[in-house]
Structure formats: structure tokens, C-alpha cells
Amino acid sequence: QLVVIVDPHIKVDPMYTLYAQAKDKGYFVKDRNGKDFEGVCWPGASCYLDFTNPQVRKWYADQFAFKTYEGSTNILFVWNDMNEPSVFKGAELTMQKDAVHYNNWEHRDVHNLYGFYQQMATAEGLIRRSSGKERPFVLTRSFFAGSQKYGAVWTGDNTAEWDYLKISIPMLLTLSMAGISFCGADVGGFIGDPEPELLVRWYQAGAYQPFFRGHSNMESKRREPWLFGERSTQLIREAIGARYVLLPFLYTLFYRAHATAEPVMRALWIEFPGQIETFAVENEYMLGNALLVHPVTEPEAKAVSVLLPGAQEIWYDFRTWKRMERAGTLKIPVTLQSIPVFQRGGTVIPLKTTAGKSTEWMTDTPYELHVALDTQACAVGELYLDDGHSFQYLHKKQFLYRKFTFHKNILSSRCRDDSGQFHTPCVVERVIVLGLGHQPTSVTACSKDGKGKEVVFRYDTKTSALSLEHLALPVDADWEIYIS
């Protein structure tokens, strides 16, 4: 996919078609004297489209039509930058407060809505270019309440320093609490040059956050992962791979955010409101109700203090599958290889078995389920699936919504929503059961038609983890796995 920057300012140039059309139609913001407001931004002298005007938004959306936007294709998407709006000259580096918008509203009254309306018009244009068939992707720097309907946001121009990595976590938690789940911070920092350790740690943190990208300004040195030495390159590759494997879980969380407004990334107190000690924690967070992530935000760290909430909760190391001895505040040793991530007992997390070259390349890659048992030896989880790009899930019920339940040593897959019509050739190839208190004598998988087959399994007595291999169980069908 290609994402291009499209800013709200238009270069003052009578030979530039967009400028000429907008000026002729009176679509620019005015100054207090009724003339087109003129500021300075990337092209130099610029005028600013008045997105508070519905006619301007409609005209702007039309500019994204394939026949109008020369060279564009259906893999081109948009990033709205500088839309606070940014004006390089002036006391506040933005539009003057007395600039006049549609219906004589002054800029002081609509400043926070300006970028929101640009993103709205851009998203509408991307939807309209496909006759309403394809979803848009629009990243925006300026946003407002409701921006989550139109796309993703990021935290703006940060700096390649450890303190900016640290502060990104409470910033993203705040955005998530405000309903804007698709949020992230520029990995490595926008301004400056990250040292190798900082870049690795930022990739490791960003891989477990909703919006994940690297970005830097023109003055920064090149920072492709392969420029920081073989060791750093490998660690960054592992972090990105962990993100790709985790995408089925994240996509399911995004569906929950879409359907019920549950934040993807959430403060601990959302999941544990009865635990007062969680209220001030802002250096770790939950992904959904199942994963607890504690990024490492200090240089040369040898250990971090991690709060695992809930006296009755069981937590498992997400990498080693080892059950933690207890909940509470624990000192966890760390190396540069990874950050502490824990799965909560009572949850089932769907993953891909391997990372691929791209999400499209991974469409038919098999799944694996990580089943983490609670104190009652039970667990529940979900998987939401659709084609990933169209509105067919909405208009033609082309989605799949499954529920996984582990109870009384039986793992079952059932339909969560019978109206879903989506089918996939994908299978569940592997299941890992964490916290199983005994070594099984046999494991049997039964499909919907009642036919059973013996399952190859391994049981690790040190971690109490049961691994089931070569299952080939259809994702879109009911089945059970019996452990005895």
C-alpha cells in the first residue's frame, strides 16, 4: 500500500488547478477584511481550504476520484498532515483567531474542528472513489472527538530521546480513553537521531501498540533497521515479526472497538477497577483484556518493576509460557532481546503461526491459539475475521466471528454470530495450553460431523504447557479438542 501526505494548504499559484478552482469557488478561509487568508507553509505562500463548509468538503472529496487524482490507484491512501492548521509565520504558528470561516464563524471558535473536517472529507473521498465498496485509511495529525470514525492518529512531532518513549505510553492511553483507539507514536522519534538501544526499545514498544510506524524529519540521519548493526537489526526484525504474528488478536480487538467502543490499548484500572494500586500506573498497559505489556523505557536496564494486578489472577510469560509465581509488583529481569509481556489466565489469544512478508501474503497462513488457564482451569477468547479491506462485512455479512472456550479439559470452537457469512480456507494448526496441571494420556480432536482423530502433543513439565500440533481444524467450523 502507498500512503501519501495531503495537507490542507494550497500553494498560491494561478496555474495550479486546485488553487484556481478553489479561488474561483470562494473555498478558502477569509481574513477579517473578507480576502482569502494567506499564510506560509511548505509550498511558501498558501491559502487554506475552509473545511467547515460542507460544499468545500464535498468538492475536496471529489478530488480523490481516480480520474481526477492523476496517477492514483486503489492501493493509494492518505495522510493529512499540518492540519492544525499549521502556519509558519505568526505568533502561534497557526491561523489567526479572527480569520473567518463558513457562516461567519471565527477561527478561534472552530480551530479544533479544522483538522477533523479535513479528515472527514478525505475519508469520504476515498470511500466515494470506490462507489462505497472499499474502506478508507486516513492518518491525521489534528483530530477531535469523533475522529476515530475516519481513521488513525499519532502523537505528533516527538524527539529521539528516552523521555519521549516513556511519555508516549500515557499519551496513547489518554487517546484510547477518549475513544480514539487507532493511535501510536513515531517509532524512534521524529526529531533527532536515536541510539541503537533506544531504537530497538521503541520498536519493541510500538509493536504492541495500535498504530505502528517509523517516521523522522529530513534533518535526521537514515535509520532503516539494517543501519544499526547486525544485532540491532535482528532484534528489530523480531519485534516486527511479533507484531505480524499478533495481528489476528489486534484485528479482533479493533472489531470490539468498532462494535462496542472498547479501547484496544487500555490502562490497567479499566480491567482491574477494584485494584487501587493500578490507578497511577502509566508505564504498562493492557491490550484487550488478555495481554499486559511493560515497555522498557530506561537505557541499559537490567530489570523492571512490573505490576501484575489481581490477587486471584494467574499470569504467564508470553514468550516462555512460564506461569508467574504470584501477582503483585515483581522485579522482572530484562535483556535487550525483549520486553516483558504477560498473558492473563482465563484468556485465549489467536495468533498466526508465522510472520510473512505482508498481511496480504499472510492471509491463508494457519492460526495458533494460546489458551491461558485461570484458577478454575478455564479460558475464553474470540477471533473476528473478514476480507480486511471492503465494506462487505457490513452490507453482506461477510465476516466470521468465533468464540473459543476451554472448560473441563475441553477446548471448543463455536460461532459467536450466526449472521456471519464469511468463509476461509484457514485452519487452526497449533494450540498451546498454559497452566495445565497434569500430563495428558491422550488428546482427541472432533469435528462437527463427530469424527475424531488422535492429536500429536508434547507436555513440558517445567512450564506445565501443553503443545498440540498438526491439528488442521477449520477456522470457520465447530470443533472440540478433548484432553484426558
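Start by selecting Asp 478 and Arg 402: their side chains form a salt bridge, with the closest N and O atoms 2.7 Å apart. Asp 478 sits in the loop between strand E26 (473–474) and strand E27 (479–483), while Arg 402 belongs to strand E19 (residues 399–407), so this pair ties together parts that are 76 residues apart in sequence. Now show the surface. Asp 478 is partly exposed, at 22% relative accessible area, and Arg 402 is buried, at 3%. One thing to keep in mind as you click around: this is a predicted model.

**Next stop: a network of charges**

Select Arg 256, Glu 262, Arg 266, Glu 271, Glu 313, Arg 344, Glu 382 and Arg 416 together. Salt bridges that share partners join these residues into one network.

Zoom in on two of the members, Arg 256 and Glu 382. They form a salt bridge whose closest N and O atoms are 3.9 Å apart. Arg 256 lies in helix H6 and Glu 382 in strand E18 (residues 379–386), so the pair links parts that are 126 residues apart in sequence. Are these two buried or exposed? Both Arg 256 and Glu 382 are buried.

**Over to the start of the chain**

Pick Asp 36 and Lys 23 for another salt bridge, this time at 3.0 Å from N to O. Asp 36 is in the loop between helix H1 (17–25) and strand E3 (38–41), and Lys 23 is in helix H1, so the two tie together parts 13 residues apart in sequence. Asp 36 has 17% relative accessibility and counts as buried, because the cut-off for that is under 20%. Lys 23 is partly exposed, at 42%.

**Helices side by side**

Now hide the side chains and colour helix H5 (residues 196–206) and helix H6 (residues 230–260). They pack at an angle of about 10 degrees, with axes 8 Å apart. That makes H5 roughly parallel to H6, because angles under 35 degrees count that way. Bring the side chains back to see who meets whom: Pro 196, Leu 199, Val 200, Tyr 203, Gln 204 and Gly 206 from H5 meet Ser 232, Leu 235, Ile 236, Ala 239, Ile 240 and Arg 243 from H6. What kinds of residues make up this contact of H5 with H6? They divide into 8 nonpolar, 3 polar and 1 charged.

The contact of H4 with H5 divides into 6 nonpolar, no polar and 2 charged residues.

**Last stop: an enclosed strand**

Select strand E16 (residues 347–352). With 6 of its 6 residues buried, E16 is largely enclosed by the rest of the structure.

Strand E17 (residues 367–372) pairs with E16 in the antiparallel sense over 6 bridges, and Leu 369 in E17 is the bridge partner of Pro 350. E18 pairs with E16 in the parallel sense over 2 bridges; look for Thr 347, whose bridge partner in E18 is Val 380.

Key
Residues numbered from 1 in each chain as written. Predicted model: local features only at pLDDT ≥ 70, side-chain atom pairs only at ≥ 80, totals over all residues. Heavy atoms only, no water. Axes fitted to C-alpha atoms, helices over the stretch in contact; angles between N-to-C directions. Helix = DSSP H or I, 4+ residues; strand = E, 2+ residues; numbered from the N terminus. Parallel < 35°, antiparallel > 145°, perpendicular 65-115°, else oblique. Contact = heavy atoms within 4.5 Å. Nonpolar A, V, L, I, M, F, W, Y, C, P; charged D, E, K, R; others polar. Salt bridge = Lys/Arg side-chain N within 4 Å of Asp/Glu carboxyl O. Buried < 20%, exposed > 50% of the residue type's maximum accessible area, 1.4 Å probe, protein only. Pairing = 2+ DSSP bridges.
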